[in-house]
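This report describes selected features of one structure, beginning with a pair of strands and ending with a helix and its surroundings.

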2 protein chains.
Amino acid sequence: MKEFNVIEDFFKAKSIQRKDVIIGIGDDGAVTHVPQGQALVTTTDTLLSGVHFLPDTSPHAIAQKAIAVNLSDLAAMGAQPAWISLSLSLPEVDQAWLQAFSTGLQQHAEYYSVQLIGGDTVKGPLAITITAQGFVPFDQALTRSQAKPGDSVYVTGTLGDAGLGLHIAQNKCVVNDQLNREYLLNRLHYPTPRLMAGTSLRRLASACIDISDGLVSDIKHILKASQCGATLHVDKLPLSQALKVSVSSSQAIDYALSAGDDYELLFTVSEEQKGHLETTLASANVPATYIGQLNGNMGKLELRQNDKPFESSAEGYQHF
Amino acid sequence: MKEFNVIEDFFKAKSIQRKDVIIGIGDDGAVTHVPQGQALVTTTDTLLSGVHFLPDTSPHAIAQKAIAVNLSDLAAMGAQPAWISLSLSLPEVDQAWLQAFSTGLQQHAEYYSVQLIGGDTVKGPLAITITAQGFVPFDQALTRSQAKPGDSVYVTGTLGDAGLGLHIAQNKCVVNDQLNREYLLNRLHYPTPRLMAGTSLRRLASACIDISDGLVSDIKHILKASQCGATLHVDKLPLSQALKVSVSSSQAIDYALSAGDDYELLFTVSEEQKGHLETTLASANVPATYIGQLNGNMGKLELRQNDKPFESSAEGYQHF
């Protein structure tokens, strides 16, 4: 089966049609229209079998995760997603696998009103690269670099769930309660990009990043880009009920500090914007928790528990 | 070494800075500005070691080819390139390899005034996915679908060189003349995207595609999308001196019909635009050769040599 048949047969018919797509799948490139007053935001992420997902993960989940991790990057920029391009490396043309994968992809694309505008397929080890494009009003993009000492640090949702989910999926950890186990596995396989939070944070957050490699690892990107330090209170970390009842409290903190794949947003807010921010997030129904404060100790991250120093070997995900 | 270090250490400093890039490498996504009156054109292509290039190809050549094949897709749309994103799958962090690869990438990016705006690195088999973005004035994008019976068929440059180059690199064929051998290998390793041709063809060509899989294979995309047939004259195919003196004339035709990797443009022009087109291409110094004519025999491709039917088993590159 030829390349154009894979993309056309499995993906084209299922794709939603956005009005801003002039030419979609089926030409040398896609032609689209960026609305006036909006900047274009572009991000690329690759998921590789055995590295970013377990080889036995369902194709439906792989597809949805591949979209979600990219939309999560757009969310962290405060952007609204619009289009995705897909590069799919496949060991063989497995029709059942492609059927499930393309269905998962298009369900998610439809849910987020995102159109698949093009792609490439190659014969090789299973890997999915998605480039996502979206919009943000000019001068309203959230970055990593504008945080200031004194700003408060927040995270959305709960942390550590996907990390425990991974250990369950790898049989490194047993969670007997079925509902908790499912919840934790879903947090691993079906992360939710915090798009509403991202757009709500425009003009309110001083910096923002999504947590893909782990809290400790990812906050350091903000500290470096903004030339700040931070104190985080591990007793304030938002933990799900499922995580808390499944592992010890010190293990839960470890997962929350260092496990990746949560795809929550970590953001900072100046003192003046704090009140406005809390009202905005509450009215958008976005859960967010205060976890610490930035300071001037450039690049330094201090962890505290009940106001005493807390030692952690938490490192976050290492790519190489 | 961590992901952000690979991108930041090897790629960020070398990148050119375009004025339309508001935020480049180093955040969750890039923020860019599409000029008013222009549509955005996006394309993605993956090169996999052992499939799209031989494992011993120099990293410098791999990088430049990865850019060129993507810019060639933009050229086929009549677009002007602006930005690229890179997803790099690497078995290990090999500093010498990365140094050569990033230098090759940035030389080409600079030559084409294209800025690398972001990327992702993963640990895995050597593969390069580039997403290229560019602009085309609204309603001037070249497509595959607007050709009409009676239109003339043209190609830029010469065909078949990269195909013979591949056989030389694979030691399947010996070319003794050193200059010819180098020319043919360069056509394989360093394809030139026909950007000037693409922009010159706006409002003149009725359809356009780049030849990546081979002439016979790629013209069928136009025939299908435009619901036409075609007659091509194999005696009119443009062949380089290096190809002609290195193989028999029937082998040369085979290479020109079926070998991929030439990255020339194949385009169609209506009778009314022919004169205008030839003047435009001549003044832009773009070599193009008339090779045949479209007709109403939907999807059918007829090959003729000196006006007699020509039989060929040419099939073009099969992706799976």
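In chain B, strand S9 (residues 229–233) and strand S11 (residues 288–295) run antiparallel and are joined by 4 bridges; B:Ala230 has B:Leu294 as its bridge partner in S11(B). Helices (H or I, at least four residues) and strands (E, at least two) are DSSP runs numbered from the N terminus, and two strands pair if DSSP finds at least two bridges between them. The model is predicted, with local features needing pLDDT of at least 70 and side-chain atom pairs counting only at pLDDT 80 or more, while totals for chains, interfaces and linings use all residues. Residues are numbered from 1 along each chain as its sequence is written, and chains are lettered from A and ligands numbered from 1 in the order in which they are written.

An open sheet of 7 strands in chain B has the order S8-S10-S7-S11-S9-S12-S13, with mixed pairing. Its edge strands, each pairing on one side only, are tabulated here.

| Edge strand | Residues |
|---|---|
| S8 (chain B) | residues 205–210 |
| S13 (chain B) | residues 308–309 |

In chain A, helix H4 (residues 161–169) is mostly covered, with 7 of its 9 residues buried, meaning that 20 or more other C-beta atoms, placed from the backbone, lie within 10 Å of a residue's own. The buried residues of H4(A), among them A:Leu164 and A:His167, pack against helices H5 (178–189), H8 (241–246) and H9 (249–258) of chain A, where contact requires C-beta atoms, placed from the backbone, within 7 Å. Just after H4(A), A:Asn171 takes a positive phi of about 60 degrees.

Terms used: A residue is buried if 20 or more other C-beta atoms lie within 10 Å of its own, exposed if 12 or fewer, and partly exposed in between; C-beta atoms are placed from the backbone. Two residues are in contact if their C-beta atoms, placed from the backbone, lie within 7 Å.
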